[in-house]
Amino acid sequence: MDTKITLSFDQEVIKKAKQYADDNNISLSRLTEFLYTQITNENYETLEELPISEWVNRVAEGPAQYGTKPKKRKELREAFLKAKKK
């Protein structure tokens with residue numbers, strides 16, 4: 001079952017991603033779903049662990065910039081305790 005979501009991206013990235021999807025005869029929605037599937041099927045703990053595919057380099061300008069939300073106090077505490085157990 002498909003579910004709709006709203007995402008915000010840099011306008012230039014969207015323009016290039018749409019062109020890439022069009023060139024490969026796939027919708028931008030299915031391309032995005034494919035990428036999320038690839039990411040969630042692996043066990044990446046940080047964004048830096050994600051492999052950067054060649055197509056990402058084609059649609060991106062410059063180095064990747066990740067906008068992350070600051071962690072909540074509870075998440076920081078859990079990460080601290082988890083790291084301490086190792």
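Helix α4 is hardly covered in this predicted model: among its 13 residues, the count of buried residues is zero. The helix comprises residues 73-85, and at 1.5 Å a residue it should span 18 Å. Its end C-alpha atoms are 19 Å apart, which agrees with that expectation.

The chain as a whole contains four helices and zero strands. Read from the N terminus, its elements follow the order α-α-α-α. Buried residues account for 8% of the 86 residues in the chain.

Helix α1 covers residues 11-23 and has 13 residues. Within α1, the residues Ala17, Tyr20 and Ala21 are buried. These three residues cover an arc of only 95° around the axis and therefore lie on the same side of α1.

At its start, a side-chain oxygen of aspartate 10 comes to within 3.1 Å of the backbone nitrogen of glutamate 12. After the helix comes asparagine 25, a residue of the loop between α1 and α2 (28-41). The phi of asparagine 25 is near 55°, a positive value in a residue other than glycine. With a relative accessibility of 75%, asparagine 25 counts as exposed, because the cut-off for this class is over 50% relative accessible area.

A nonpolar patch was identified on the surface, formed by Ile5, Leu7, Phe9, Val13, Tyr36 and Ile39. Together, these residues have about 540 Å² of accessible area. One member of the patch, valine 13, has its place in helix α1. The relative accessible area of valine 13 is 31%. Since buried means under 20% and exposed means over 50%, with partly exposed in between, valine 13 is classed as partly exposed.

Terms used. Residues are numbered from 1 along each chain as its sequence is written. This is a predicted model: local features need pLDDT of at least 70, side-chain atom pairs count only at pLDDT 80 or more; totals for chains, interfaces and linings use all residues. Side-chain values use heavy atoms; hydrogens and water are left out. Helices (H or I, at least four residues) and strands (E, at least two) are DSSP runs, numbered from the N terminus. The expected span of a helix is 1.5 Å times one less than its number of residues. Buried means under 20% relative accessible area, exposed over 50%, partly exposed in between (1.4 Å probe, protein chains only). The arc is that of the directions from the helix axis to the C-beta atoms. A polar contact is a pair of N or O atoms within 3.5 Å; within protein, one must be able to donate a hydrogen and the other to accept it, and residues adjacent in sequence count only if both atoms are side-chain atoms. Patches are made of residues with over 30% relative accessible area and no salt bridge: like charges are joined within 9 Å, nonpolar side chains (Val, Leu, Ile, Met, Phe, Trp, Tyr) within 5 Å. Accessible areas come from the Shrake-Rupley method with a 1.4 Å probe; for residues, only the protein chains shown count as cover. A salt bridge is a side-chain nitrogen of Lys or Arg within 4 Å of a carboxyl oxygen of Asp or Glu.
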